[in-house]
Amino acid sequence: MRDPRYDILFEPQKIGPVTAKNRFYQVPHCNGGGYRDPSAAAAMRGIKAEGGWGVIFTEQTEMHHSSEITPFIELRLWEDQDIPSIAKMAAAMKTHGALAGIQLAYSGINGPNMYTKEVPLAPSALPIRTFTNDPVQARAMDKTDIKNLRRWFVNAAKRTKLAGFDLICLYGAHGFGIFQHFLSRATNQRSDEYGGSLENRSRFAREVIGDMRDVVGDTMGITLRVSLDETIGNLGFSNAEVRDFIAINAELPDLWDLAMGTWEDCSGPSRFKEEAAQEQWVTGIRELSPRPVVGVGRFTSPDVMARMIKSGRLDFIGCARPSIAEPFLPRKIDEGRVDDIRECIGCNICITGDMTQGMGRCTQNPTWMEEWRRGWHPEKIATKGASETVLIIGSGPAGLEAARAAALRGYDVAVAEARSEFGGRVTLERTLPGLSAWGRVVDYRLYQINQRPNVQLYPGSKLSADEVMAFGFQNICVATGSNWRADGVSRQHVVPMPADANMPVFTPDDLMAGRVPSGRVVIFDDDHYYMGGVLAELCAQKGCQVTLITPSAFVSDWTANTLEQATIHRRLVGLGVKILLNTGLARIHGYGVEANCTYTDSRARLECDAVVMVASRISQDAVYLDLKARETDWADAGIRSVKLIGDAAAPAPIAWATFAGHRYARDLDTADIGDALPFRREVTALQND
Ligand code: ADP
Ligand code: SF4
């Protein structure tokens, strides 16, 4: 049963005319599905309702066609036609007594309108501020535009009510919402009654909220999401000004939703930001207004949550990522199952769904965004099929998730691991600078596995195909992972790069095993995710003189998708790492390396004592291939299936491995679907012309 220390988290709270059943507040978050996959997004929110959240929000919803953020896929509420799909989401949110919230966004200076081709409107005429530096500027709104926009907000509010929502969040945070654009002197350079003094800059928010109250305020709560500090110095909407704004407008919204800075600031990965990182920014704000306050900070610990409430900092615990990794977070706390919480690791892979317009993924929760597409539930799984036993070879994220989920289905599972420790790559990577929280991928799974009598773990057991054939397991899952290659094969070099054997070349595996070079070290990063940058940090910490060379225009290029690229660059510069961008590695000599410009191929000699090769990985699939070669003997050995999964099939980030492990367990003993699509898909219906 629930620990009484957490009772405070379950107190009902009023938000204007409505009451939340507890203090667990899922703040708006993107998911990659949006308007393209509304049923998938609705089912995902429905799972959170089942998981016990008191308040559940949509992602940002574009409330008028004159402001949209293509290529990003969010929700749209442009006309009555859009109501049924968002009504479906509201209904899913309300299934277990949660309040259904919708975030209305007018993106102003952040909306390039690549789809609608409308001229963007903003408080002042400035270039559009997006991730992609679109060559588009906004027109400054005149008084008629402002009047129109007020009316559009009212129209949107009426539609949200028709759709069944209880709460509206007006987006004015992260640099993304028009309310911030009016409030900040950086984006509001007007000289009329909407610009200049804070009183004037607040006018737009006051007017819109007043208008909305008139039409929906008797039944719906209206919240305002602002950043605690725009993080661009005094010219921006600073923390001091935010406090003045809240003090002056103390009763303006029904709840203050406090985010932080840009999205990168707010959703900082665990590599750079601790849990409750925004505490100092939020402290004292609650005393400025009688309205409740929600704040975020990647809260995964119920103790920290309870402290935030008891200390009077927050009234609601805001969660986006922790609710993705663990949709059942409130329920598990309520049921006294704190040890079963699947804690977010702060890797920000979930954000890549939005950034790449793919489908959202979560490293910890492989069922995320598959609730409707594949019918996957984070807590429920079908009982086992016809066979009884599973041998899993390798205990990385793929193997451990396969073991956890197969055991839940009721199979007798054995996990054989060559090393003395379970966890595969995670066991190594969690020791790297800033990545300790990633260890939760292993800790969660090992704990779950250890609770079950039907899983046997065998450390120090490097298996060969012969042994596997002799054991008599019915299903064999090969999750033997991958190794980093030393020969430089990746994108610049598709065959091994020319190298003098006198130059020591280290791989990430060497460094993670404690074999760190010394002296002048060149790190070649043709992988482009976190590893090159992390190893540069490690080598610099160990006293090496580090030069990081990458053919990309950015350090750790792909981490733009996890919102940490700029922070990584800043960190490396701070550590004295020399960064050479747009530069390849043509050849490794005995004295050092020959670098080449990726545009002109002009060459430069660089002396060094060692090279660290962050190129690509080779699948360790030998056991699988050996087993495959003996396929004709499988039946005699009692083997019904042999599958290759995770990095052993194709190396990718950890989230791909947990997904592969989960899918393996779900698919075990299921009917062959032949050429059919393995998931449901939303298909747009044609209009009648
Ligand atoms: P993934 O990310 O796909 O889970 P990892 O590289 O993290 O892959 O984990 C693979 C694990 O498999 C490693 O811990 C490795 O020691 C183990 N392994 C590799 N080959 C064998 C084998 N023949 N028998 C048992 N374990 C193995
Ligand atoms: Fe947390 Fe990573 Fe899952 Fe996002 S993808 S919710 S950061 S574990």
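This tour goes from the domains to their contact and then to the nonpolar cores.

This is a predicted model, in which local features need pLDDT of at least 70, side-chain atom pairs count only at pLDDT 80 or more, and totals for chains, interfaces and linings use all residues. Residues are numbered from 1 along each chain as its sequence is written, and side-chain values use heavy atoms, without hydrogens and water.

**Domains.** Select 4–355 for domain 1, 389–481 + 620–667 for domain 2, and 486–617 for domain 3. These bounds come from an automatic or database domain assignment.

**Domain 1 against domain 2.** Their centres, taken over C-alpha atoms, lie 40 Å apart. About 1,000 Å² is buried between them, 58% of it from carbon and sulfur atoms. Buried area is the accessible area (1.4 Å probe) that two parts lose on being put together, summed over both.

Now pick glutamate 343 and arginine 440. They form a salt bridge, with the closest N and O atoms 3.4 Å apart. The term requires a side-chain nitrogen of Lys or Arg within 4 Å of a carboxyl oxygen of Asp or Glu. The count between domain 1 and domain 2 is one salt bridge.

**Cores.** A nonpolar core joins buried Ala, Val, Leu, Ile, Met, Phe, Trp, Tyr and Cys residues through side-chain atoms within 4.5 Å; buried means under 20% relative accessible area (1.4 Å probe, protein chains only). The largest has 115 residues. Show Leu104, Phe153, Leu170, Phe204 and Phe245, those with the most contacts inside it. Another core, of 63 residues, lies apart from it and includes Tyr530 and Tyr664.

How values were computed:
Chains lettered and ligands numbered in written order. Buried < 20%, exposed > 50% of the residue type's maximum accessible area, 1.4 Å probe, protein only.
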